[in-house]
Amino acid sequence: MKIFLDTASLKEIREAAALGVVDGITTNPSLLAKESGDPEQILVEICNTVDGPISAEVVATDAEGMVKEGRHLAALHKNIVVKIPCIAEGLKATKVLSGEGKRVNMTLIFSPTQALLAAKAGARYVSPLVGRLDDIATPGMELVADIIEIFDHYDWECEVLAASLRHPMHVLEAAKMGADIGTMPASVFAALLKHPLTDSGLRRFLEDWEKAKALLAAKAGR
Ligand code: E4P
């Protein structure tokens, strides 16, 4: 499963990207609004930091406006993927942009049938938002499973991007299901690595090594 970070924070992106296992970034208007600076410059800087798909979302809600904005965003950098909400106007815009060879990430997907239509419109990625379904007492991971099951029957070049992953268990479940991509905040990414037994185990290895070295030095000094 490819790992994407769901953030527009360059600090978080630089720190996580340094580990060498971040494959892409998803942003949205809410995430960009939290950062200070010009959003387009931030997007370009993100593209220069992570050489992978970088989702940048349109804010127009009519197809014509989405297409115009999508073309503009795609021209900012070769890594930009145009993120479009899964509404009727979004489907029209996706059809046009994908026909021009631009990659579209269709977002705000909350049902398998929305994902089906997004793939048929030519979306390169579909983003089911797991955590937001969990928020309303609806099992978000079941949506991811349903979409994977549907996509497995066909040869669409559309990847399942499990989004709104809020904790490591979401990431684990998405990976076990075979989601193509999981996108998560930097805090969840960090939690994937952390284990207290790794830390205490490493501490003990190093202490034992120091003790052995001291013993050898003492023997050599005799
Ligand atoms: C997806 O691409 C969205 O940007 C994101 O995953 C939403 O996450 P949230 O529901 O935690 O805001």
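## The shell around the ligand

The shell of residues around the ligand divides into 1 nonpolar, 3 polar and 4 charged. The model described here is predicted. The residues around the ligand are Asp-6, Thr-26, Asn-28, Lys-83, Arg-132, Ala-163, Ser-164 and Arg-166. Ala-163 is the nonpolar one, because alanine counts as nonpolar. Asp-6, Lys-83, Arg-132 and Arg-166 are the charged ones, because Asp, Lys and Arg count as charged.

As for location, the ligand sits in the largest pocket.

## Contacts with the ligand

Which distances separate polar side-chain atoms of Lys-83, Arg-132 and Ser-164 from oxygen atoms of the ligand? For Lys-83, a polar side-chain atom lies 2.6 Å from a ligand oxygen. For Arg-132, the distance from a polar side-chain atom to an oxygen atom of the ligand is 2.6 Å. For Ser-164, a polar side-chain atom is found 2.7 Å from an oxygen atom of the ligand. On its own, the ligand has 340 Å² of accessible area, and the protein covers 85% of this area.

## Two residues with positive phi

Ser-164 also stands out in its backbone: its phi is near 55°, a positive value in a residue other than glycine. Ser-164 belongs to the loop between strand E7 (159–162) and helix H9 (168–177). Its relative accessible area is 11%, so Ser-164 is buried, the limit for buried being under 20%.

Leu-108 has a phi near 60°, again a positive value in a residue other than glycine. Leu-108 is part of strand E5, which covers residues 104–109. Is Leu-108 buried, partly exposed or exposed? With a relative accessible area of 33%, Leu-108 is partly exposed, because this class lies between the limits of 20% and 50%.

## Thr-27 and its loop

Thr-27 lies in the loop that runs between strand E2 (24–26) and helix H2 (29–33). Thr-27 has a relative accessible area of 0%, so this residue is buried.

## The chain as a whole

The chain contains 11 helices and 8 strands. Of its 222 residues, 43% are buried. Along the principal axes, the C-alpha atoms fill a box of roughly 85 × 35 × 30 Å.

Technical notes
Residues numbered from 1 in each chain as written. Predicted model: local features only at pLDDT ≥ 70, side-chain atom pairs only at ≥ 80, totals over all residues. Heavy atoms only, no water. Near = heavy atom within 4 Å. Polar contact = N/O pair within 3.5 Å; in protein donor to acceptor, adjacent residues only side chain to side chain. Areas by Shrake-Rupley, 256 points an atom, 1.4 Å probe, with all protein chains shown as cover. 1 Å grid on protein atoms, 1.4 Å probe; cavity = no way out; pocket = protein on both sides within 12 Å on 5 of 7 lines; lining within 4 Å. Sits in = over half its atoms within 2 Å of the grid points. Helix = DSSP H or I, 4+ residues; strand = E, 2+ residues; numbered from the N terminus. Buried < 20%, exposed > 50% of the residue type's maximum accessible area, 1.4 Å probe, protein only.
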